[in-house]
Amino acid sequence: MKFNYAKLLGRMREFNHTQESLAKAIGKNESTLSAKLNIKSYFTTAEICAICEVLEIPFKDIPKYFFTV
């Protein structure tokens, strides 16, 4: 299944995060985050929670950011 992460990427820009800085903020390396944003692998629940914390995404909005097909 291919998810559309456009809204997540927009939120990253709003918070002035690059893939590198967001990856660092959630304790991952940039290549891991890149693979997930390019749908080569999927986000774990822990990664989604960490990203939501950093980007101040309310948990009720997770589907909009992570599960839009």
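Cys49 counts as partly exposed, at 32% relative accessibility. Partly exposed lies between buried (under 20% relative accessible area) and exposed (over 50%), with a 1.4 Å probe and protein chains only. The model is predicted: local features need pLDDT of at least 70, side-chain atom pairs count only at pLDDT 80 or more, and totals for chains, interfaces and linings use all residues. Residues are numbered from 1 along each chain as its sequence is written, and side-chain values use heavy atoms, with hydrogens and water left out.

Cys52 is buried, at 2% relative accessibility. The sulfur of Cys49 has its closest cysteine sulfur in Cys52, at 6.4 Å, too far for a bond. A disulfide is a covalent bond between the sulfur atoms of two cysteines. The criterion applied here is a pair of cysteine sulfur atoms within 2.5 Å. By this rule the count is zero disulfides.

Cys52 is also one of the buried residues of helix 4 (residues 45-55). Helices are DSSP runs (H or I, at least four residues), numbered from the N terminus. The face turned away from the buried side carries the exposed residues Thr45, Ala46 and Glu53. Cover for the buried residues includes helix 1 (6-14), helix 2 (19-25), helix 3 (30-37) and helix 5 (62-66). Glu56 follows helix 4 and has a positive phi, near 50°.

Gln19 lies in helix 2. Its relative accessible area is 25%, which is partly exposed. Leaving aside neighbours within four places in sequence, Gln19 is in contact (heavy atoms within 4.5 Å) with Met12, Glu30, Leu33, Ser34 and Leu37. The C-alpha atoms of Gln19 and Asn29 are separated by 9.1 Å. These two residues are 10 residues apart along the chain.

Tyr42 lies in the loop between helix 3 and helix 4. Tyr42 is partly exposed, with a relative accessible area of 44%. Together with Met1 and Val69, Tyr42 makes a nonpolar surface patch of about 380 Å². Patches are made of residues with over 30% relative accessible area and no salt bridge; like charges are joined within 9 Å, and nonpolar side chains (Val, Leu, Ile, Met, Phe, Trp, Tyr) within 5 Å. A salt bridge is a side-chain nitrogen of Lys or Arg within 4 Å of a carboxyl oxygen of Asp or Glu. Accessible areas come from the Shrake-Rupley method with a 1.4 Å probe; for residues, only the protein chains shown count as cover.

Definitions and conventions
Helices (H or I, at least four residues) and strands (E, at least two) are DSSP runs, numbered from the N terminus.
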